[in-house]
Amino acid sequence: MPDGWQWDSTLFRGSAAYYERGRLPYAPGFAGTLAAALALDGRGRLLDVGCGPGIVTLAMARFFAEAVGVDPDEDMLAEAERQAARRGVTNARWVAARAEDLPAGLGEFRVVVFAQSFHWTDRDRVAATVLEMLEPGGTFVHMSDLKSPPPEPAPPPLPAPPYAQISDLVRRHLGPVRRAGQGRLVNGTPGREDLVLARAGFEDFQRHVVPAGDVVNRTADDIVAWVFSRSDSAPHLFGGGVEDFERDLRAVLQRAAPDDRFAERLPATEIMTWRKPLRGR
C-alpha cells in the first residue's frame, strides 16, 4: 500500500461512468497471449481483483468455467454487469469487496489477476491470501501498461493529448501533492511486485510484453473522460468546483487542438506471472 496513505471508499467515486471511454485499452492480443502462456482450456476459475468495470474479466471469461470480478466500488460493478449483459458473457459474476477482504468465501481459483490494482492493496497480506486461494500450480498475474516503451517510430498524424498541461491544471485545482480518495500520495505508488511475490512464496516468474502501437484518434470528450476516470482527478475531488475545472480543462484541450482531434498510440501491455508451488515440492 502506498506509504502514508490509507484506503477509503471514495478512491474512484464517480469514475465508473468515464472509465471505458477514457482509458486506452490493453493491447488487443493480451487475452490470447495470457491464455497461451498459462495453457488455459476453458476449465478452472478466474478471480480478477480490483476488476473495475470488468475489462479484463470479460475478455478472459471465455477461457474459464467461471470468472469472478471483485471490486469495492459498486458503480464499477454495476458497469461491469451491464457490459457482461451487452457482450453476452454468462459465466461472470461480481462481488463487492476489497482485496483485503479475501478469501471472502469465494473458493479456489486457477488464476488470480491484478490489472493495475495491486499497488492499492496491503500487498504482503493480499499476496499471502491469494497464495492460499490458488490451486496447486495456479498463477498470480499482474498486468499493466508497459512502463518503459521503446521510442515511437514516428509521431502520430494529429496532436497528442496535452498530458503535461492537464497535470498542471489538476495541481492548480487540487494542490501540488497527488490526491487519492481522501488522502494524498506523497511518494506515489509502490513497485517491485517481484519482491512481494517472492516473500509470499510464489515462484517461476515469467514476463510477457504484448505489442500494440496502433494509432487511435481521440476527441476532447475522450480526454475529459480519461481525466475523470483517474483516482487523482475523480469528479468528487473537485467538489462544487468540478464544473469550473471541466471548463478550464476543455480550454486547455481547445488550445492544443482547435479542431478537437487528437491521436496517440496504444501502449504495449506487460504481463507478469508467478506460480504457486505444487504440493510436495
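Helices α8 and α9 are oblique to each other, a class that holds the angles left over once those under 35 degrees (roughly parallel), over 145 (roughly antiparallel) and 65 to 115 (roughly perpendicular) are set aside. The model is predicted, with local features needing pLDDT of at least 70 and side-chain atom pairs counting only at pLDDT 80 or more, while totals for chains, interfaces and linings use all residues. Residues are numbered from 1 along each chain as its sequence is written, and side-chain values use heavy atoms, with hydrogens and water left out.

Two packed helices are described by the angle between their axes and the distance between the axes. The axes of α8 and α9 cross at roughly 135° and come within 10 Å.

Helix α9 comprises residues 242-256. Its buried residues (under 20% relative accessible area) are Phe245, Leu249, Val252 and Leu253. They lie on the same side of α9 because they cover an arc of only 95° around the axis, the arc being that of the directions from the helix axis to the C-beta atoms. An α-helix has 3.6 residues a turn, so residues three or four places apart point the same way. Glu243 and Arg255, which are exposed (over 50%), sit on the face of α9 turned away from its buried side. The cover over the buried residues of α9 includes α6, α8 and β10.

In helix α2, the buried residues are Phe30, Ala31, Leu34 and Ala35. Their arc of only 130° around the axis puts them on the same side of α2.

Definitions and conventions: Buried < 20%, exposed > 50% of the residue type's maximum accessible area, 1.4 Å probe, protein only. Helix = DSSP H or I, 4+ residues; strand = E, 2+ residues; numbered from the N terminus. Expected span 1.5 Å × (residues − 1). Contact = heavy atoms within 4.5 Å. Axes fitted to C-alpha atoms, helices over the stretch in contact; angles between N-to-C directions.
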